[in-house]
Amino acid sequence: MDSKQNLIRLSKSIFDEREAKEVTRILLEDGYTGMGKEVQKFEQELQEFLHTDKEIGCVNSGTAALHLAVDAVTKPGDEVLVQALTFVACFQAISGTGAVPVACEIDPSTFTIDLQDAEKRITAKTKAIMPVHYASDPANLDEIYEFAKKHNLRVIEDAAHAFGTIYDEKLIGSFGDIICFSFDGIKNITCGEGGAVVTGDPVVAQYIRDARLLGIQKDTEKRYEGRRSWEFDVVHQGYRYHMSNILAAIGRVQLQKFPMFKKVRQDLSKRYLELLKDIKGIELFIKDYDKIVPHIFSIKVLDGKRDGLKEHLMTYNIESGIHYYPSHVLSFYKKEGVELPKTNKAYAQLLTLPLHPDLTQDNQTLIVEKIKEYLNK
Ligand SMILES: *Cc1c(COP(=O)(O)O)cnc(C)c1O
């Protein structure tokens with residue numbers, strides 16, 4: 001039980017010689033590790049993958065993507081509706097611009113933003129809504145867009161989990177207002193670290209292209225032609241958020257492998273549903289894993305047994321996770337009078353089981369056996 005070797009990991013980056021070879025090519029042949037043609041190629045390939053003519057701006061993290069997206073459509077003091085139960089990156093991306101994250105409840109059946117609750121929190125300052133495609137499920141995305149239209153809000157989709165997911169016959173990112181992906185180490189595809197903003201709004205797209213390069217106007221366009229900007233203008237705040245050629249080279253290989261990653265993630269998740277379906281004391285999110293490409297596989301553990309089960313699994317070297325500790329309880333974001341009972345209840349039940357392309361069926365069988373063992377005790 002002691003060696004790390006036998007650890008069944010919650011999540012994992014999957015690379016082989018192909019990524020290593022491409023990184024070597026950038027280092028030894030190309031010799032330019034900043035943002036250049038490799039990033040441009042990755043952006044073009046993402047566009048082809050998504051079957052979209054929307055513009056794509058790659059950055060160095062999903063958080064940077066969210067930050068720039070919020071920055072593009074809000075002013076300091078504006079409010080953004082966001083579910084409290086999400087990765088803290090959402091709240092940081094919003095507050096980092098000077099806008100205010102307004103914590104909302106989730107719908108406990110899908111873990112996406114609860115629109116009835118969100119509606120109550122709208123003020124004259126509300127400018128945008130940030131739904132999170134939790135566990136890659138876009139849930140009621142149509143309703144979110146209707147809600148946004150009704151209240152004149154921009155939509156910034158946190159699609160960090162949902163790369164490759166199909167909603168209403170269309171890939172996430174191929175439609176909608178502003179869509180942010182993460183390519184961090186454990187997401188559906190990875191660049192090591194990375195992210196992208198997708199939008200059909202030319203003003204937002206240009207803002208993101210410039211803002212990721214310290215606000216230097218049209219620097220992206222020059223770099224893609226192999227030139228540099230020596231004399232230039234800056235008209236707004238910018239950041240050092242551009243993607244490096246090294247990261248893009250990794251991402252390009254991962255994009256080619258995506259069909260394989262997709263199949264394994266979907267097959268493992270379907271098998272989890274099958275193996276777990278009759279166990280008392282847990283509740284499953286039933287999802288269509290022909291459409292959804294799951295980044296995580298979460299279950300609800302009832303009767304206050306979540307923490308005990310998590311510990312039990314760990315004694316058998318099985319990692320599990322909790323996605324996520326809600327942001328409205330954090331010291332930096334806590335607000336007098338904001339109570340989110342549905343979120344708190346859901347948080348206490350959540351457990352994420354191992355899911356990654358290296359997970360075997362034997363691993364899975366063992367995980368389920370140990371879950372049964374604990375809950376039948
Ligand atoms: C991973 C993730 C992010 C942030 O992406 P990074 O690339 O890690 O910065 C944001 N939101 C959610 C829900 C995520 O899972």
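Which of the 15 residues around the ligand come nearest? They are G62, T63, D158, D184 and K187, where a residue counts as near if one of its heavy atoms lies within 4 Å of the molecule. Please keep in mind that this is a predicted model, in which local features need pLDDT of at least 70 and side-chain atom pairs pLDDT 80 or more, while totals for chains, interfaces and linings use all residues. Residues are numbered from 1 along each chain as its sequence is written, and side-chain values use heavy atoms, without hydrogens and water.

The shell around the ligand divides into six nonpolar, six polar and three charged residues. Its largest share, three residues, comes from α3.

| Side chain | Distance to a ligand oxygen atom |
|---|---|
| T63 | 2.6 Å |
| D184 | 2.7 Å |
| Y324 | 3.1 Å |

Taken alone, the ligand exposes 380 Å², and the protein buries 94% of that (areas by the Shrake-Rupley method with a 1.4 Å probe).

And where does the ligand sit? Its place is the largest pocket, meaning that more than half of its atoms lie within 2 Å of the pocket's grid points. The lining of this pocket has seven nonpolar, nine polar and four charged residues. Helix α3, residues 62–73, gives the most to that lining, with three residues.

Methods:
Helix = DSSP H or I, 4+ residues; strand = E, 2+ residues; numbered from the N terminus. Nonpolar A, V, L, I, M, F, W, Y, C, P; charged D, E, K, R; others polar. Polar contact = N/O pair within 3.5 Å; in protein donor to acceptor, adjacent residues only side chain to side chain. 1 Å grid on protein atoms, 1.4 Å probe; cavity = no way out; pocket = protein on both sides within 12 Å on 5 of 7 lines; lining within 4 Å.
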